[in-house]
Structures are given as structure tokens and as C-alpha cells.
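Here is a friendly briefing to read alongside the model. Please keep the structure open as you go through the points.

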Amino acid sequence: MEFINKYPKLFQWLFLLVVFFALCFAIEVPETYKFIRGQAEFVKDPNQSSFVFLGKEVRYYAFDVFWRLPPLLGWLPIWINDSLFFLMNEWMPIEFWNEDTQEYKTRPLVLQISRNLTAFMTFLIELIREILLGGLETIVAFTSWDWIDKNPWAELPGLPWTIVAAGAAILSYKLSGKGLAIFAGLTMVYISIFGQWKPSMQTLSFILVAAPLSFIFGLGLGIAAFKSKRIEKALYPILLVMQTMPQYAVLVPALVLFGVGDHAAVIITMVVAVPPMILLTILGLRAIPPEVIEAGRMSGCNNWQLMFKVLIPTARRDILIGVNQVIMVCFSMAVISAFIGAKGLGFNLLLALNQLNIGLALEAGLCISLIAILLDKMSLAWANKQTDYFGNLSFLQRNRNILFFAATVIIGIVLAYIGTFLFKGSYNYLFEIPHNKGISTADFWNKGVDWIFDTFFVYIKAFNTWLIQDVLQPMRALYLRMPAVATIVLVVGAGYLIGGIRSALVVCALTLFIALSPWWDRALVTAYMATFGVIVSCIIGFTVGTLCFQNKHSASFMLGVCDIFQTFPSFVYLIPVMMLFGITDTSVLIAVIVYATIPATRYTIEGLRSVPVGLHDAATMSGVNKFQRLTKIEFPLAFPHMMLGLNQTIVFALFMVIIGAFIGTEDLGQYILKALSDKKGAGIGFTLGICVAFIGLIFDNLIRTWVEKRKKHLGIN
Amino acid sequence: MSNPVIKCESVYKIFGVNAKKMLRESNGNVDAKKFQENGCIVGVNNASFEVSKGEMLVVMGLSGSGKSTLLRCISRLTDATDGKIFIEGQDLLSLNNKELIELRRNKMGMVFQSFALLPHKTVVENIAFPLQIKGIKTEDSISKAMDMVKLVGLDGRENYFPRELSGGQQQRVGIARSLAVEPDIWFLDEPFSALDPLIRKEMQDEFLRLQDKLQKTIMFITHDFDEALKLADRIAIMKDGIIEQLDTPANIVLNPATEYVRKFTEEVPREKVLLIQDVMDPSTSDNLGDLKVLKDEIIENVAEKILTQEKTVAVVDNNKKIVGSINPTKIINTVFGGRKNNN
């Protein structure tokens with residue numbers, strides 16, 4: 001009894017676990033239960049039960065409610081889908097003037113809006129693409145095809161690759177200095193020589209449209225949320241869900257609304273990239289010292305002047321970090337949106353992976369990673385760059401970089417012109433190196449993969465079999481063995497113990513949504529894969545982080561490595577694992593582990609670093625040794641931050657598990673991928689995405705609540 | 001002194017959701033404790049005072065005493081919950097947003113504890129900022145700002161960024177910025193509190209020099225009693241939102257109104273604060289010595305002279321007219337003893 005009084009929390013947790021296991025053992029597995037491989041609503045089976053709600057028929061396999069809840073929300077995806085189609089095809093028909101046929105045409109409002117938006121986006125992308133690569137769509141948009149036929153000279157020629165490379169180097173030099181300039185130049189030369197110029201510029205043009213638009217919308221909404229509590233409250237839940245929503249899932253409704261192509265990809269990228277921009281804008285504006293705002297007011301600023309002359313310049317750094325985030329998301333989406341027809345490196349990467357041509361995939365992946373790293377470093381340099389004073393410099397000094405660029409443009413054009421004589425009859429290598437005419441190392445890599453397979457096949461196979469048979473399968477079976485009621489009791493109980501009744505209710509609502517959807521089994525599989533990934537990632541991340549922390553240089557080095565790894569678009573992680581382990585669950589899990597170890601490591605180092613120096617000195621003066629200091633001082637204080645790392649690890653792991661569906665898994669991701677090619681998939685894909693987001697949010701809520709309490713307890717801000 | 005520049009009539013500032021309603025029910029008798037139980041925090045409690053033209057009122061109080069809140073009510077950075085505030089006879093609380101901006105652009109300047117400079121602008125751009133906000137052309141505003149740079153002694157550093165300046169220099173920029181529009185009313189919110197003691201003293205002297213030249217109407221907030229004594233024409237001492245005493249430095253030292261105020265005055269070296277006229281005997285007799293001292297001389301400066309006299313010393317005003325007398329015993333009493341008896 002005394003023991004219970006001493007550790008009431010421990011006792012409560014034990015009690016919760018006892019209840020959980022009691023429920024697990026008390027509820028038998030129904031004899032008819034099996035993991036459903038097909039989608040219940042498409043399987044016609046006399047054993048199915050069904051109900052009709054809002055005119056939608058939901059078919060499902062009925063079990064004891066303690067074992068699996070009936071999918072009472074099964075009508076939701078169908079309803080979303082039908083509503084979307086109704087909106088697109090029937091709602092509010094309005095007459096529009098048709099330019100081509102010179103007559104009025106009746107069209108639903110939403111469809112027309114979507115068409116106009118699509119046309120606008122297409123124009124923007126084409127414009128930038130043709131500046132980089134040449135073409136005539138932009139000219140045609142202002143004139144007509146007939147006009148172009150008569151005036152063939154009007155076609156945009158496109159920039160020679162030499163100019164783009166030099167431009168990138170000059171811009172990098174201005175933002176950061178020699179190091180980055182050299183990196184930028186080499187990256188561009190590499191891309192060009194290896195024949196990836198065209199897809200790279202397609203991807204770049206996609207990002208140059210998506211990123212600025214996301215920035216503008218994100219900044220605008222961020223400002224609105226900063227100024228109005230009501231807007232912030234309305235935005236907050238959407239932002240939360242969007243942060244944990246797998247990017248795949250957003251693709252599906254976009255497919256219905258905007259069709260296939262670069263424009264749809266841009267719009268969907270904006271949907272994903274705007275939330276982090278909003279968050280960072282709000283964060284930056286909030287961090288402004290109140291006295292600066294008061295100083296602005298006392299200088300007689302009106303609201304407009306206060307926002308654009310005081311607040312935004314003061315929050316400049318946070319806002320530019322937001323730009324950095326936007327660019328990173330854009331790269332990630334540049335690959336993923338290849339699923340809905342975005343051209344460029346992502347498309348090539350996907351194609352190569354589909355054909356199992358690892359060498360080609362590697363080349364495309366390397367290119368996209370290099371450009372991502374370059375733009376990441378450039379935008380970070382921009383954020384950290386402080387304004388310089390120019391007033392006392394001469395025109396030449398002030399515009400040195402612009403003049404330099406102008407010179408390179410001329411040189412580049414002259415070179416390209418010379419090239420037309422040099423390479424008569426073949427390709428002008430000084431203008432653009434075509435896709436198949438560059439150096440390719442694909443064969444080398446493919447042979448390497450073959451060699452690895454031939455040489456290590458036995459070992460890899462053995463490891464694979466062991467992992468799948470002895471670890472993964474049992475773990476999966478355990479997860480599926482949990483009765484729904486037991487799971488809900490466990491999660492809600494944890495919520496209550498950590499955050500009280502409020503947390504318990506939030507978590508309960510999130511869990512119930514998944515439990516009442518038709519995909520509880522799939523969600524369990526997703527959860528099992530994520531759990532496995534998170535556990536291994538945390539063990540590796542916490543260990544590596546702690547070890548690296550022991551030395552100042554290794555800590556900085558490790559953080560740098562984390563930075564670079566984080567810049568890789570998530571899809572790129574699939575390349576090496578497919579190279580080694582082929583198409584198995586092992587591949588997915590290893591990609592998950594690699595990807596999710598990044599935040600685990602980073603937050604461990606950051607957490608340990610944030611322990612105040614004073615405490616360090618105090619501990620040293622009390623005569624602790626290194627190990628004691630770590631266990632008695634540093635870990636307890638860094639633990640809340642490390643838990644935030646765990647939170648990120650979970651989100652990262654979920655993302656990768658869902659992306660892993662590309663390799664082939666049997667979880668929610670598989671259905672999302674399926675929904676992409678399904679005409680009626682929009683509602684399903686979206687609801688599935690929400691399910692994944694909710695899994696993430698359950699843990700997010702629990703961990704955040706705990707961390708906040710713990711930080712308050714420790715007095716850390 | 002016909003029209004006060006700043007005039008407050010029972011100003012209240014109470015934070016909280018039900019502040020207005022609770023204030024109405026309390027009928028002006030605000031009990032901070034009772035309000036706190038209901039989730040309201042009293043910032044300013046029934047403040048009434050006037051500041052006349054060219055006067056410097058120092059508001060002194062410890063942190064949480066409501067002094068900054070009071071200042072923000074008068075600059076209308078926050079809206080007072082109740083009461084009336086007049087700026088040059090104009091009802092401040094009735095101004096709409098546009099009129100308020102107009103008032104701030106032309107009549108008010110403010111200096112902040114943390115300097116609150118714009119990090120992306122140079123010294124001269126920071127100072128020119130309020131002018132440019134008003135819509136003055138860039139060249140004119142810059143040349144005006146350059147005058148200000150010279151006034152606060154920062155010439156040569158006009159193209160530095162705030163991050164390249166020391167704290168004292170940054171506050172000079174803050175002062176110059178607040179003076180750029182040539183305001184009549186100057187608010188200073190603990191301007192020297194973030195500075196090192198030596199720099200603080202230097203800035204105080206600099207500030208007195210400026211005020212001597214400019215003769216602004218000033219509200220100066222500080223938590224440093226010595227600073228208040230050094231600078232003020234009158235001091236308002238605040239505690240828990242209430243003005244405990246508002247008087248000249250000498251009167252506060254000699255006649256503290258409450259126990260709270262007395263605690264501050266205990267350690268004050270009186271000979272450095274009080275003037276001859278504060279302690280002299282207003283009656284005169286014929287039996288005075290040859291030495292004459294000015295009535296607004298600080299005691300410390302003439303004490304030695306007076307103490308070497310055997311006779312009572314005559315006190316004269318600026319026109320050399322005898323207005324009172326003071327004997328050495330009085331000086332000794334003032335400096336060394338009788339502090340408690342004086343109450």
C-alpha cells in the first residue's frame with residue numbers, strides 16, 4: 001500500500017496495462033476473422049452485412065463489436081466522392097463565353113473555376129519552363145498557332161546551360177560566398193554532363209512556380225492568423241492535420257478537381273507547402289518583442305505600415321526559414337506528384353524504379369537531391385544573411401553581381417553560337433546536352449546491383465527471411481490480435497493518465513474515427529510498421545546522438561549530416577534499399593528506419609546541447625564523472641526535447657511507411673496508392689489520408705501534452 | 001501654467017475579461033485582492049495627476065507596480081479601462097484611429113527599455129523612420145535625422161546597424177528617433193535600466209543636458225529611486241497600481257506620505273538631494289553672519305562653508321534678497337541625524 005502511495009502514476013499505468021491485457025485475453029478471435037486483402041466494398045460476398053446511410057450502401061464483414069467495430073463511417077468516403085463529383089459536374093451551371101467557338105456554353109461553376117485555375121497555372125509553368133528550355137507555348141498564349149506558323153522566329157530559344165550554371169554560381173556567391181558558388185557551379189555542370197538537363201529544368205520550373213505561390217499564400221494566411229484570433233482558431237486544426245497527412249493522400253482529390261499534369265501538381269504542392277509557411281510566419285511574428293511593435297505604433301505607423309515596414313522586416317529570418325521549408329516540401333512533392341503527371345526528374349525516377357532500373361533511378365535521385373541541397377543551402381544563406389549598407393558604394397560596386405551576370409549571359413550566348421559551328425550536324429553541347437547524349441553511369445550501377453545480388457544473395461536472403469518470419473510476422477500478428485475495444489481502452493487510458501479528461505476525449509475521438517472507418521485492420525498494419533521503425537530509429541538515434549554529443553566537432557558534424565539527409569526528397573530513400581533488399585517489407589522498413597532516425601538523432605543532440613552551461617559547471621564542481629553527469633543531469637533535462645524528437649520520428653516513420661506502399665505493403669498506403677488509379681478513389685484516398693494523419697495526431701497529442709507538463713515541472717521554457 | 005499638457009482623471013486599467021463590469025460594480029473603490037480572485041489584474045488604480053509644460057514627471061515604482069501600464073494608457077498603446085486622459089486639452093480616449101496616428105506622428109515621442117530599434121535599418125534610417133512614416137521625402141528625412149545623430153553624439157556611426165552598437169549607443173539612437181519628429185511630449189519607459197551603471201550615469205547627464213536645451217514635457221518611468229531624485233521635477237511613487245505619493249523630490253524625502261515611501265527615502269543621502277531652501281528657517285533675524293548662500297544650492301555644496309561659521313547664515317534668492325536663515329546645527333541635523341524624527 002505504501003508503495004502505491006509512493007508511486008501513484010506507476011500504479012495507474014500498471015493498472016491500465018492489466019486491463020488492456022485482460023481484455024485481449026478475454027475477447028476471443030472470431031472464427032470467421034481473417035485479414036481482408038481486397039477492399040470490402042468491392043468484394044461481393046454473401047457473408048457480408050450491409051447498411052444504407054444517406055443513400056450510400058456500405059458492405060462489411062460483421063464481427064463481435066468488442067473484436068472489431070462495424071464501419072459506421074463507411075459511407076463517408078463514398079459520400080465525399082459523390083459530393084465532389086456533384087460539385088464538379090452538376091452544381092450551379094452557369095453560362096460562360098467560349099473564346100474558341102464564339103458562343104455561350106453552360107458549365108458548372110466549380111468546373112469552370114478549376115479550368116481557369118488550371119490554365120493560369122499551366123501558363124506560369126510553361127513561361128518559366130520555356131525561359132529555361134525554350135518553346136513556343138507562351139508566345140502562342142498571347143497570339144495564336146496561325147501566327148506562330150507565319151512567324152517561326154518568335155519561338156523562345158531557351159537559356160544555354162552555361163548561363164544557368166553561371167547564374168546559379170553568381171547568386172550563391174552573393175548569398176553565401178565562394179564555397180556555395182563552387183558547389184552550385186559543379187552541381188549544374190554535373191547535371192548537364194550527365195544528360196539530366198531537361199528533366200532537371202522541368203523540375204526547377206515546377207519549383208519556381210510552386211514555391212513563390214506557396215510563399216505568398218502562406219505569408220498572407222499567416223498574417224491573417226496573426227491579426228485575428230478567429231482565423232487562427234479556424235486554421236489551427238487544418239494545419240495540425242496537414243502536418244501529419246501523408247502527401248500521397250492529398251494527390252487523390254486533386255486528381256478529380258484539376259486533372260493530370262504539372263498544373264495539378266503545383267496546386268497540390270501548394271496545399272502541402274502552405275501550412276509550414278503559415279506556421280513559421282505566425283511563429284516569426286509572435287517572436288517580435290512587444291516593444292518593437294510599440295515603437296512602430298508610437299512612430300505613427302498605420303496598420304499597413306506597421307505590418308510591412310516594422311513587423312515583417314523584423315521577423316525576416318523566421319519568414320525566410322519558412323521559404324526554406326516551402327522549397328523542401330516542393331522537392332518532396334516534385335517526386336510524389338509525378339504520380340499525377342508532373343514532368344521532370346521525379347517522373348524519370350518513378351519510371352526507373354518501376355522498371356527496376358536502379359542505375360537510372362540513382363542518377364535521377366542524385367540529381368534531384370543535389371538541386372535540393374543547393375536550393376536548401378541558398379535559401380538558408382539568404383535567411384541568415386544580414387542586410388548590408390550600400391549607400392556609400394559606387395554604381396559599379398553595388399551592381400557588380402548583376403553586371404557580372406549580364407556578361408556571362410553574353411558569353412554564354414556567344415559560346416552557344418560558336419557551338420553551332422563546332423558541333424555541326426550533331427547536338428550543340430554548349431547549348432543543351434540531350435537526355436540520352438550525356439554520360440551515364442546507369443549500367444555501372446545496375447551491374448553493381450547485380451553483383452551485390454549475386455555475391456550476397458544468400459546472406460541478404462537469410463537476413464530477410466529471419467526478419468520477416470521471426471520478427472515482423474509475429475509482431476504483425478500481435479497487432480492484429482488486439483481487439484478494438486482493448487486498443488481504444490489502452491489509448492484513451494494513456495490519454496487520461498497523461499493529459500487528463502481533455503486529452504482522453506481528443507484521443508478517443510481520433511481513435512474512434514479510425515475504428516469506425518472500414519480500414520481498422522489496415523491501420524493496425526500501418527501502426528505495426530511504424531512502431532517497428534520508430535523503436536529501431538529511436539534506439540539508433542538516441543545512441544548515435546548521445547555518442548556524438550560527447551565531442552563538440554562530432555556533434556556539429558552529425559547535425560550537418562542530419563541536415564543533408566533531411567533535404568533528400570523522401571522518395572529517394574527507396575532507391576538504395578530496393579537496390580539491396582529488392583521488393584520486400586524489409587526494404588520499406590529499412591527506408592523507414594533511415595528516414596526516421598534523422599529527427600531522433602537531431603533532437604537528442606539538440607536536447608543535450610540545450611542543458612545550461614551553468615548546470616554543467618555546477619555538476620563538475622560536485623565531482624561527478626562523465627557518466628554520472630549524463631545520467632543524472634543531462635538526460636533528465638534533455639528528455640522533454642528528446643520526446644519531441646520521438647514525436648517527429650513517428651511522423652517521419654508514418655510518412656515513409658505510406659510512401660513504402662510504392663514497393664508494396666499491405667497497409668493504408670496500399671489503398672491510397674490504389675485510389676490514385678481509381679476513378680472513384682477521391683473520397684477513399686482522402687479518408688485514408690485522414691486516418692493516417694489521425695494515427696500521427698494521437699501520438700502527437702499524447703507526447704506534446706506530456707512534454708509541456710514535464711517542461712513546466714522542470715521550469716524549462 | 002494655465003493648461004496642463006497631460007491631465008489624467010481617475011484613470012483605471014484592469015486586465016481581465018470582466019474588467020469593465022467589475023469596475024462598474026465596485027464604484028471606483030478597487031480592491032486589488034478581490035479583483036484578483038475574480039481573474040482580473042489591476043494595472044492602474046485611480047490615477048489622477050497633471051503634468052505641465054516643460055515639466056519632468058518621474059514615475060517610480062518596482063516591477064509590477066503599474067508604472068509602465070500607466071504610461072501605455074497615456075500613450076494609448078493600451079486603452080484605459082476607465083477615466084479621462086487629456087493631452088493639451090484634447091480628450092485622448094475619444095480620438096479615432098486616424099486622429100491618434102496624427103497625434104503620435106506630431107506630438108509624441110517614446111523611448112523604450114529594450115531600445116526597440118528596427119534590426120534591418122541603419123542608425124540614420126532608424127531615426128528617419130518616424131519621419132518617413134509621416135510621408136516626408138527621403139532626402140529631407142535623412143538630413144533631419146543626421147541633425148539628430150549629431151545631437152545625441154553618434155556622428156560617424158550613422159551607417160552602422162543596431163547590432164553593431166553597444167547598449168548605450170543603441171539607446172542614443174532610440175532617443176534620437178523619439179525626438180526626430182520634434183514632439184512636445186516625451187515618454188521614456190525605463191530608458192537606462194538595461195545599461196551598465198557607469199553608462200547609465202553618463203546617459204543621465206546627457207539626458208539632463210538635452211532636456212535643458214529642449215524643454216520637453218516629460219513622463220519618465222524608472223524603478224531606480226536615485227535616478228528619480230536626480231532627474232525629476234516631481235516624482236510619483238506607485239505601488240500596486242496606486243500612486244502613493246506625488247511630490248517634489250525634497251518633499252518626498254522630507255515628508256514621505258506612507259510607510260512604503262519612507263522605506264525608499266531611508267537610505268537617501270539628504271545632503272545630495274535637498275536644497276538649502278528645503279531646510280532653511282524662513283524667519284530672519286538681524287544677527288546673521290557675513291556669509292550668504294543661495295536658496296537653491298544643494299546642501300552638500302555649501303555645507304562645509306556653513307559649518308565653519310559660528311553665526312547663523314543668511315539665505316538669499318537670485319536677487320540677493322534675504323529670504324531666510326540657516327544655522328550650522330540645522331545642517332548637522334539634516335545630514336547626520338534626526339531622520340526618523342523628521343517624519
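Chain B holds 15 helices and 13 strands, where helices (H or I, at least four residues) and strands (E, at least two) are DSSP runs numbered from the N terminus. This is a predicted model, in which local features need pLDDT of at least 70, side-chain atom pairs count only at pLDDT 80 or more, and totals for chains, interfaces and linings use all residues. Residues are numbered from 1 along each chain as its sequence is written, while chains are lettered from A and ligands numbered from 1 in the order in which they are written.

**Chain B overall**

- The C-alpha trace of chain B spans about 65 × 60 × 40 Å along its principal axes.
- Of the 343 residues in chain B, 42% are buried; a residue is buried if 20 or more other C-beta atoms, placed from the backbone, lie within 10 Å of its own, exposed if 12 or fewer, and partly exposed in between.
- Among the contacts in chain B with a separation of 6 or more, 65% are between residues 24 or more positions apart; two residues are in contact if their C-beta atoms, placed from the backbone, lie within 7 Å.

**Strand E8 of chain B**

- Strand E8 (residues 217–222) of chain B is mostly covered, with 6 of its 6 residues buried.
- B:Thr217, B:Met219 and B:Ile221 point one way from E8(B), B:Ile218, B:Phe220 and B:Thr222 point the other way, and all are buried.
- In a regular strand, side chains alternate between the two faces of the sheet.
- Strand E3 (residues 56–60) of chain B runs parallel to E8(B) and is joined to it by 5 bridges; strands pair if DSSP finds at least two bridges between them.
- B:Leu57 stands opposite B:Met219 of E8(B).
- Strand E7 (residues 185–189) of chain B also runs parallel to E8(B), with 5 bridges between them, and B:Asp189 has B:Ile221 as its bridge partner.

**Domains of chain B**

- Chain B is divided into domain 1 (54–65 + 93–270) and domain 2 (271–336), with bounds that come from an automatic or database domain assignment.
- The C-alpha centres of domain 1 of chain B and domain 2 of chain B lie 35 Å apart.
- Contact between them involves 8 residues of domain 1 of chain B and 8 residues of domain 2 of chain B.
- Helix H10 (residues 249–254) of chain B gives the largest share of the domain 1 side, 4 residues.
- That side of domain 1 of chain B divides into 7 nonpolar, no polar and 1 charged; Ala, Val, Leu, Ile, Met, Phe, Trp, Tyr, Cys and Pro count as nonpolar, Asp, Glu, Lys and Arg as charged, and the others, Gly among them, as polar.

**Positive phi in chain B**

- B:Asn46 has a positive phi of about 55° although it is not a glycine, and its place is in strand E2 (residues 41–51) of chain B.
- B:Asn46 is partly exposed because it has 18 other C-beta atoms within 10 Å.
- B:Arg76, another residue other than glycine, has a positive phi near 55° and is found in the loop between helix H3 (67–74) and strand E4 (82–87) of chain B.
- B:Arg76 has 19 C-beta neighbours inside 10 Å, so B:Arg76 counts as partly exposed.

**Domains of chain A**

- The domain assignment of chain A gives domain 1 (197–386) and domain 2 (524–714).
- Their C-alpha centres, for domain 1 of chain A and domain 2 of chain A, lie 22 Å apart.
- The contact takes 31 residues from domain 1 of chain A and 33 residues from domain 2 of chain A.
- On the domain 1 side of chain A, H17(A) gives the most, with 9 residues.
- The residues on that side of domain 1 of chain A divide into 26 nonpolar, 4 polar and 1 charged.

**Where chain A meets chain B**

- Contact joins 20 residues of chain A to 20 residues of chain B.
- Helix H13 (290–298) and helix H14 (303–314) of chain A are the elements that give two or more residues to the chain A side, and H13(A) gives the most, with 6 residues.
- By class, the chain A side has 8 nonpolar, 8 polar and 4 charged residues.
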